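Please open the structure in the viewer and keep the selection panel at hand.

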Amino acid sequence: MLQTRLTRLLGLRYPIIQGGMSWASSNAALPLAVSRAGGLGTIAAGPMYPEDLLVAIRAVRAGTDAPFAVNIPLYNKRAQEHLDIAISERVPVIIGSQGGPQKHLSRAHDAGIKWLQVVASPAHARKAQAAGVDAVIAVGLEAGGHPGPDEVGTLVLARAVARAVDIPYAVAGGIADGAGLAAALCLGADGAQLGTRFLLTHESNLHPAYKQAALWAGVADTTLVGRGRSPVRMLRNVFAQEYAALERAGASDAELDALFGTRSLKQSAKDGDVDHGKVEAGQSVGLIDALRPAGDVVADLASEALQALARVVEPARA
């Protein structure tokens with residue numbers, strides 16, 4: 001057992017959160033496997049139709065008594081419908097991202113739901129705490145998808161958030177194994193959120209071409225597209241090269257936005273176009289070399305973390 005403030009808050013066996021990843025966990029299979037194994041499985045509501053979200057929530061609940069979460073990007077055009085469903089279904093945990101939680105918290109708390117807020121800076125963490133969230137998830141620069149525009153790495157961000165808030169917090173970005181989880185705990189975090197590691201599992205609902213491209217990637221094979229604007233960390237591909245070429249040529253913001261808007265995560269994650277779509281992945285992709293069952297990943301993360309912590313505290317020999 002790895003008990004922290006986060007596991008006690010949420011009723012988890014391990015301080016492991018599976019990141020809410022559009023398409024990859026916009027279903028029941030991956031969250032269910034993670035929650036059954038003792039982590040916090042997360043349904044990614046973002047690209048889901050409301051009726052599909054309802055089906056996924058009920059499928060996870062039918063498959064386990066363990067806690068699970070629904071991640072809701074609050075800017076999304078369907079965010080209110082997603083929130084209404086999550087709250088009416090009294091899901092154990094809502095993870096809010098990409099928007100402020102203030103106007104939604106009272107409804108969630110009245111329904112007995114814990115609210116975790118994704119943040120990218122100490123300032124955002126303080127605002128989330130002041131709003132009344134139960135915990136925060138601080139996302140560092142190494143993370144796939146949408147890291148913060150300030151480009152602060154996980155190591156520094158973890159310590160800055162520790163100084164900024166008193167509530168439990170998890171960190172995300174660059175963590176793919178139990179040693180990374182142990183490092184997060186040593187930095188003062190109460191747990192870790194992993195996205196890329198859970199992308200590369202059997203239960204992840206991604207096109208096989210996406211998974212294969214990620215398995216081939218090394219630690220230096222991701223890049224930030226849209227740096228200084230709304231950056232996305234993704235694998236280097238034809239689209240990323242086209243965007244970089246436009247930047248070097250001095251293209252206007254409008255020209256860059258036009259190219260960015262023609263490409264999507266769906267293009268790669270659902271349709272398999274890994275050359276021209278946004279193949280989101282974190283730098284930790286280079287630490288992963290095999291697809292594995294999600295439940296085995298959770299068990300190994302916990303076991304490896306305990307071994308790593310034991311090495312850290314091993315007494316010096318005379």
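The model is predicted. Begin by colouring the protein chain according to its domain assignment: select 5–206 together with 287–312 for domain 1, and 208–271 for domain 2. Taken over C-alpha atoms, the centres of domain 1 and domain 2 lie 24 Å apart.

Next, display the interface. Here 24 residues on the side of domain 1 are in contact with 17 residues of domain 2. Between the two domains an area of about 1600 Å² is buried, and carbon and sulfur atoms contribute 65% of that area.

Which side chains form the salt bridge? Select Glu151 and Arg227, whose side chains meet at 2.8 Å, N to O. Across the interface of domain 1 and domain 2, one salt bridge is found, and five residue pairs are in polar contact, with both residues of each pair at pLDDT 80 or more. The side of domain 1 that touches domain 2 comprises 12 nonpolar, nine polar and three charged residues.

Although Trp23 is not a glycine, its phi is positive, near 75 degrees.

Finally, select Arg90, in the loop that runs between helix H4 (79–88) and strand E4 (93–97). Arg90 likewise is a residue other than glycine with a positive phi, near 50 degrees. Is Arg90 buried or exposed? Arg90 counts as exposed because its relative accessibility is 51%, and the cut-off for exposed is over 50%.

Note on methods:
Residues numbered from 1 in each chain as written. Predicted model: local features only at pLDDT ≥ 70, side-chain atom pairs only at ≥ 80, totals over all residues. Heavy atoms only, no water. Domains from an automatic or database assignment. Contact = heavy atoms within 4.5 Å. Buried area = accessible area lost by both parts, 1.4 Å probe. Salt bridge = Lys/Arg side-chain N within 4 Å of Asp/Glu carboxyl O. Polar contact = N/O pair within 3.5 Å; in protein donor to acceptor, adjacent residues only side chain to side chain. Nonpolar A, V, L, I, M, F, W, Y, C, P; charged D, E, K, R; others polar. Helix = DSSP H or I, 4+ residues; strand = E, 2+ residues; numbered from the N terminus. Buried < 20%, exposed > 50% of the residue type's maximum accessible area, 1.4 Å probe, protein only.
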